[in-house]
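This report covers a sheet, a nonpolar core and a pair of helices. The sequence and structure come before the details.

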Amino acid sequence: MGCGSSKTNKVIEPEKKIERDFLEEDNDNKNKNEQSPSLPNNQLKKSSLAISSKNYKLNYFDFTGRAELLRLIFAVSNTPFTDQRIKFKDWKNEKKNAPLEQLPYLEVDDNPILVQSMAIARYLAKEMNLAGRDTYDQVRVDLVLDLCKEFTDCFSIYIVPEMLNPTDEKEEIIQHFIDILALRYLKNIETLIENFGQNNYAVGDQLTVADLFIHDLVTNMIKLNSAILENYPKLKKHKSQVEENENLKFYLETRDRIKLE
């Protein structure tokens, strides 16, 4: 579907290009922009058992971004992991350790390092039983993930640069994004929820990685416009349903509390 609109000359580039466009800067001032301070490693809700016994180390910058979906998967499944956060000022020195010289990347025991955020998300979802009950559910989950990824790429092209390096057109660009691009994608996501989901979940009647991705992008949209979900009742109900998950609730409360401190 693509981003379209008056900024249509821009093409959605591969993830490596998008990351480099606005994440490789090592200016200390960049650290002030919408960061999600690190949670203590392996801080999990003790009332639930983790599914996996593998050793996971997630490497990304010290904010939400492309790694937050992965953190949400770890949180919901109550799986311990090392949340290695890299400061912008350290990225040039750390880049040599990153396959393809990009973030995020995931280390799993002594296995070869995994790269590309969506490939990692699908891998973790399968490991943590969040990929869907059967092959048909899994392909529907993939449909939702692909649509959300398109939306996230548009967000990265339009919104993130304005957050990092605001221009005189910032407010106009953000409003255009909300009125045109977000409208199209959020309506389409609601359509998939209506067609694929039950009980306000995106696919089937239980939580999957698709729900977590939708929740993450909706959270980002609320930061742009706190009342945006008033126009999307299905997404509003979906958000409330997803946040009923106790492990997710614990993670979000802890993340927000640390951010406030």
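How many bridges join strand E1 to strand E3, and do the two run parallel or antiparallel?

## The sheet

The model is predicted. Strand E1 (residues 56–61) and strand E3 (residues 105–108) run antiparallel and are joined by four bridges.

E1 and E3 belong to an open sheet of four strands, ordered E2-E1-E3-E4, with mixed pairing. At its edges lie strand E2 (82–86) and strand E4 (114–115), each of which pairs on one side only. Helix H2 (residues 68–77) packs on the sheet and touches E1, E2 and E3. The direction of H2 makes about 145° with that of E1.

## The nonpolar core

The largest nonpolar core contains 77 residues. Phe-177, Ile-189 and Leu-212 have the most contacts inside this core. Helix H5 (residues 135–164) gives the most to the core, namely 13 residues.

Apart from its neighbours within four places in sequence, Ile-189 contacts Leu-147, Cys-148, Phe-151, Ile-214, Leu-217 and Leu-235.

## Helices H7 and H8

Helix H7 (residues 209–224) packs with helix H8 (residues 233–242) at an angle of about 115°, and their axes are 10 Å apart. The crossing of these helices is left-handed.

On the H7 side, the residues that meet H8 are Asp-211, Leu-212, Ile-214, His-215, Val-218 and Ile-222. Their counterparts in H8 are Leu-235, His-238, Lys-239 and Val-242. By class, six residues in the contact of H7 with H8 are nonpolar, two are polar and two are charged.

Key. Residues numbered from 1 in each chain as written. Predicted model: local features only at pLDDT ≥ 70, side-chain atom pairs only at ≥ 80, totals over all residues. Heavy atoms only, no water. Pairing = 2+ DSSP bridges. Contact = heavy atoms within 4.5 Å. Axes fitted to C-alpha atoms, helices over the stretch in contact; angles between N-to-C directions. Core = buried A, V, L, I, M, F, W, Y, C linked by side-chain atoms within 4.5 Å. Buried < 20%, exposed > 50% of the residue type's maximum accessible area, 1.4 Å probe, protein only. Left-handed = near helix turned anticlockwise from the far one by under 90°. Nonpolar A, V, L, I, M, F, W, Y, C, P; charged D, E, K, R; others polar.
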